[in-house]
Amino acid sequence: MPPRAGGTATTHDSGDVQIGARSEASPDGLVRVVCLLCGRAAAADDLFWGCGACGVSAPLTVADPPPQLTGLMVGDAVREARCTFSRGFAGIDIRAPMSTPMTAAPTFGAGVFLKHEAFSLTGSHKDRFHAVAARVALALGARGIVASSTGNHGVSAAAHAAAAGLPAVVFCHPEAPAGLLRAIGAFGGEAAQLDSVAQREELIALVREGWFPATSMDPALSGAANPFAVEGYKAIACETVEQLGRLPEAVFIPTAGGDTLYGVMKGFAELAALCGAPMPTVFAVQPEGASSLSQSLTAGTQVAVAEPHSIALSIADPRSGRHAMIAIARWGGGVLDVAEAAIETAMIDLARIGVYIDPASAAALAGYRLAVARGDIAADALSVLLLTSSGFKWPDAMAAVFPSGAVRDAAELRRRLALRSGA
Ligand SMILES: [Zn+2]
């Protein structure tokens with residue numbers, strides 16, 4: 001059995017894993033990491049390879065203590081849920097280091113709100129994940145942090161590793177924007193673009209040498225898995241409920257591997273239980289050219305898309321994780337496959353109200369529109385669109401939709417203004 005990233009985790013008699021100091025809010029101070037499929041508790045030296053007992057290296061997850069309370073008012077539920085997060089991590093507060101704004105967007109629907117994850121340390125929702133990952137890596141005494149990424153994930157990994165004083169290795173997609181590779185280097189990380197076989201082998205080797213995998217929950221995706229960091233996404237659910245003053249009816253999440261989907265759904269499920277309120281319908285949104293999740297759910301097994309393609313590179317992965325399939329089944333979500341033209345239209349429509357977001361984020365609006373058109377939700381449903389990253393980080397993708405065209409003489413400027421005013 002491969003060794004864990006070295007450190008202070010210990011195995012309890014029950015096989016549970018203990019991290020860091022005992023929490024006063026938890027009866028036993030233990031973080032329980034369990035298999036999503038069979039529920040078996042993982043041993044401390046077997047956290048990153050999935051559940052061996054299932055024979056398929058099934059994804060592992062943090063098992064929070066079930067909420068003891070229900071029927072709470074929203075504000076009390078948010079406070080209790082946040083307490084549970086801290087309790088689960090024995091002092092690691094998953095809310096830190098940020099919260100992001102929410103704005104109404106009635107242009108798109110009476111109940112539409114935009115959750116702006118671009119307002120974060122490195123400009124994407126990945127900071128939720130890596131803020132937790134880096135602190136757990138420290139708690140486990142890891143030698144460094146290793147991740148694989150199309151861009152946003154790797155930049156965030158390198159930034160939070162730097163903040164934690166740990167080295168970072170980021171295996172990047174061949175099409176990752178140069179600016180994002182530069183940022184990884186700026187944070188002191190090593191960006192590497194290897195072929196897919198060499199990348200997988202090297203990532204596994206580093207984890208066996210004590211590096212912490214800031215990777216997806218499903219070990220099938222990158223070779224080594226991380227059961228902890230998706231807990232950071234629960235904070236998005238918490239903030240959303242706090243900002244709306246209630247649980248939304250529908251949530252739209254751009255989805256690749258499915259970590260964000262799983263973490264946000266887990267957070268909403270916890271809050272719904274605390275409030276005694278209905279679980280929102282959470283929709284995973286994928287491009288039609290990378291619809292691995294809907295294909296997997298239809299087939300009843302994990303399906304890889306042979307040649308995934310989309311302008312939305314961040315959600316154009318060949319595979320979604322089994323945890324995403326389980327999340328949809330367990331918590332009653334849906335999957336929406338959106339066309340490239342719908343993504344591009346959404347990019348333009350969002351820009352027209354002053355929101356310059358990347359193509360993957362725009363897929364959330366395309367998904368909302370598709371859900372309304374299909375009758376999955378009412379047009380006035382209280383809906384949250386998760387905008388995961390800024391367009392400023394993806395200049396090439398944005399250039400495909402928004403041609404640059406500065407006016408270079410005053411007469412032409414006046415002609416254009418006259419056209420706008422209809423003169
Ligand atoms: Zn299992």
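Two strands pair if DSSP finds at least two bridges between them, and strands themselves are DSSP runs of E with at least two residues, while helices are runs of H or I with at least four, all numbered from the N terminus. Keep that in mind for the first stop.

**Before you click.** This is a predicted model, where local features need pLDDT of at least 70 and side-chain atom pairs count only at pLDDT 80 or more, though totals for chains, interfaces and linings use all residues. Residues are numbered from 1 along each chain as its sequence is written, and side-chain values use heavy atoms, with hydrogens and water left out.

**Stop 1: a parallel sheet.** Select residues 145–149 and 168–172. These are strand 7 and strand 8, paired in the parallel sense over 5 bridges. Pick out S148 and you'll find its bridge partner in strand 8, F171. Now widen the selection to the whole open sheet: 4 strands in the order 9-8-7-10, with parallel pairing. At its edges sit strand 9 (190–192) and strand 10 (212–213), each pairing on one side only.

Stop 2: Zoom in on strand 5 and strand 6 (residues 112–116), which run antiparallel and are joined by 3 bridges. M102 has K115 as its bridge partner in strand 6. What holds such strands side by side? Strands of a sheet pair through backbone hydrogen bonds, either parallel or antiparallel.

**Stop 3: S383.** Stay with this sheet and select S383, in strand 14 (residues 383–387). Is S383 buried or exposed? It counts as buried because its relative accessibility is 0%. A polar atom of its side chain lies 3.0 Å from the backbone oxygen of A381. Now show what S383 touches, skipping residues up to four places away in sequence: G111, V112, F113, A250, F252, Y368 and I377. Contact here means heavy atoms within 4.5 Å.

**Stop 4: helix 10.** Jump to residues 322–331. Helix 10 is mostly covered, with 8 of its 10 residues buried; the buried ones are R322, H323, A324, M325, I326, A327, I328 and W331. To see what covers them, show helix 6 (219–222), helix 8, strand 12 (281–287), helix 9 (292–299) and strand 13 (334–338), which are included in that cover. Just after the helix, click G332 for its positive phi of about 75°.

**Stop 5: the nonpolar cores.** A nonpolar core is a set of buried Ala, Val, Leu, Ile, Met, Phe, Trp, Tyr and Cys residues joined through side-chain atoms within 4.5 Å. The largest one has 82 residues, and F212, F228 and L261 touch the most other members. Helix 8 (residues 259–275) gives the most to this core, with 10 residues. Apart from it lies another core of 44 residues, including A176, F252, A346 and V355.

**Stop 6: R82.** Find R82 in helix 1 (residues 74–88). With a relative accessible area of 15%, R82 is buried. Besides its neighbours within four places in sequence, R82 is in contact with R95, C238, E239 and E242. R82 and E239 are 157 residues apart along the chain, yet their C-alpha atoms are separated by 10.0 Å.

**Zoom out.** Finally, show the whole chain: 14 helices and 14 strands. Buried residues make up 57% of its 423 residues. Of the contacts with a separation of 6 or more, 71% join residues 24 or more positions apart.

Methods
Buried means under 20% relative accessible area, exposed over 50%, partly exposed in between (1.4 Å probe, protein chains only). A polar contact is a pair of N or O atoms within 3.5 Å; within protein, one must be able to donate a hydrogen and the other to accept it, and residues adjacent in sequence count only if both atoms are side-chain atoms.
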